[in-house]
Amino acid sequence: MNYTLETQGKIVIFTLKHNKLDSALAPELKAELLIICQSDIDTFIMDLSQVETIDSSGLGCLLLASRLLSEHSIPIVLIGLQTNVKLLIDISRIEHLFEYFDTREEALANINNH
């Protein structure tokens with residue numbers, strides 16, 4: 001799996017570098033999320049701007065991150081969602097679990113203003 005992981009203080013920025021978030025990638029991503037999504041962070045930003053398609057396994061990865069962090073009230077911010085990805089999140093009725101921004105800069109500015 002190809003991704004980058006950055007930290008800015010207690011903000012974690014995970015950038016997935018694949019055009020599909022599907023059943024082929026999901027098991028490895030879930031394993032990484034179990035390591036990354038810990039209670040000692042303030043915000044988890046997932047940059048999905050390179051993801052063109054997502055399936056139910058990919059949605060399961062997003063739900064896992066939400067489950068891991070929601071019990072600690074740690075927000076998950078999704079940035080750069082392409083239309084097809086956002087549509088599937090909306091159709092699945094899980095859109096309320098996340099915050100959304102178009103760019104990393106917008107997300108960081110919003111987080112830093114809280």
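Student: How many bridges join strand β1 to β2?

Tutor: This is a predicted model in which local features need pLDDT of at least 70 and side-chain atom pairs count only at pLDDT 80 or more, while totals for chains, interfaces and linings use all residues. Residues are numbered from 1 along each chain as its sequence is written, and side-chain values use heavy atoms, with hydrogens and water left out. Strands are DSSP runs of E with at least two residues, numbered from the N terminus, and two of them pair if DSSP finds at least two bridges between them. Strand β1 (residues 3-8) runs antiparallel to β2, and the number of bridges joining them is six.

Student: Which residue of β2 stands opposite Tyr3?

Tutor: In the hairpin of β1 and β2, two residues lie between the strands, and Gly9 takes a positive phi near 65°. Opposite Tyr3, the residue in β2 is Leu16.

Student: Which residue in β4 is the bridge partner of Thr15?

Tutor: β2 also pairs with strand β4 (residues 43-47), in the parallel sense and over five bridges. There, the partner of Thr15 is Asp47.

Student: Why is strand β2 described as largely enclosed by the rest of the structure?

Tutor: Buried means under 20% relative accessible area, exposed over 50%, and partly exposed in between, with a 1.4 Å probe and protein chains only. Ile11, Ile13 and Thr15 on one side of β2, and Val12, Phe14 and Leu16 on the other, are all buried. Strand β2 (residues 11-16) is largely enclosed because its buried residues number six of the six.

Definitions and conventions. Helices (H or I, at least four residues) and strands (E, at least two) are DSSP runs, numbered from the N terminus.
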